[in-house]
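Colleague: I would like to learn how to read a model of this kind with some care. Could we go through it together, feature by feature?

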Amino acid sequence: MIKQPPPPPRVIAVDVDDTLHSKAGCNRRLIAWCEQQKTAGFYLMLWSSRGEAHARNRARQCGVADLFHLICSKPGYVVDDQGWGWIKYTKVVTSINEAAE
């Protein structure tokens, strides 16, 4: 019997710059998708390589600070006994269309 990995955790980490917010403004399509995912029981995390304060400011600017369970900086380090093995449980989504697949 082949052992299958568990399903991906029901956690969605959303980037700020050029994802939630860009020069064009707040990504309303992404926000609507995130609202659907939260309703479906996902834990939503907003993060930015520019730090927590930047992520929180952009969330407020877009009016979605309450949408996210956690707003934080992207991690500089990941400490995990699996090394890079943890990535097998992670799907990188680059567009809302891809997320729906």
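Modeller: Let us begin with a term that we shall need throughout: a contact means that heavy atoms lie within 4.5 Å. This is a predicted model, in which local features need pLDDT of at least 70 and side-chain atom pairs count only at pLDDT 80 or more, while totals for chains, interfaces and linings use all residues. Residues are numbered from 1 along each chain as its sequence is written, and side-chain values use heavy atoms, with hydrogens and water left out.

Colleague: Which residues does I12 touch, not counting residues up to four places away in sequence?

Modeller: I12 is in contact with W33, Q37, F42, Y43, L44 and M45. As for its setting, I12 belongs to strand β1, which covers residues 11-15, and its C-alpha atom is separated by 5.0 Å from that of L44, a residue 32 places away along the chain.

Colleague: Does I12 count as buried or exposed?

Modeller: Buried means under 20% relative accessible area, exposed means over 50%, and partly exposed is in between, with a 1.4 Å probe and protein chains only. I12 counts as buried because its relative accessibility is 13%. Across the protein, 28% of the 101 residues count as buried.

Colleague: Which residues have the most contacts inside the largest nonpolar core?

Modeller: The general idea is that in soluble globular proteins nonpolar side chains tend to be buried together. A nonpolar core is a set of buried Ala, Val, Leu, Ile, Met, Phe, Trp, Tyr and Cys residues joined through side-chain atoms within 4.5 Å. In this model the largest such core has 19 residues, and L46, V64 and F68 are those with the most contacts inside it. The elements that give two or more residues to this core are β1, α1 (28-39), β4 (43-48) and α2 (52-62), with α1 providing the largest share, four residues. Leaving aside residues up to four places away in sequence, V64 touches L20, I31 and A59.

Colleague: What joins the side chains of H21 and R58?

Modeller: They are joined by a polar contact of 3.4 Å. The term covers a pair of N or O atoms within 3.5 Å; within protein, one must be able to donate a hydrogen and the other to accept it, and residues adjacent in sequence count only if both atoms are side-chain atoms. H21 is found in strand β2 (residues 21-22), and at 11% relative accessibility H21 is therefore classed as buried. R58, by contrast, is found in helix α2 and is partly exposed, with a relative accessible area of 23%. Not counting residues up to four places away in sequence, R58 touches V16, D17 and H21.

Colleague: Where does S48 lie, and which backbone nitrogen lies 3.0 Å from a polar atom of its side chain?

Modeller: S48 lies in strand β4, and the backbone nitrogen in question is that of R50. S48 counts as buried because its relative accessibility is 0%. Beyond residues up to four places away in sequence, S48 touches a set of residues including D15, H54 and C72.

Colleague: In which loop is D18 found, and what is its phi?

Modeller: D18 is found in the loop between β1 and β2, and its phi is positive, about 70°, although D18 is not a glycine. With 65% relative accessibility, D18 counts as exposed.
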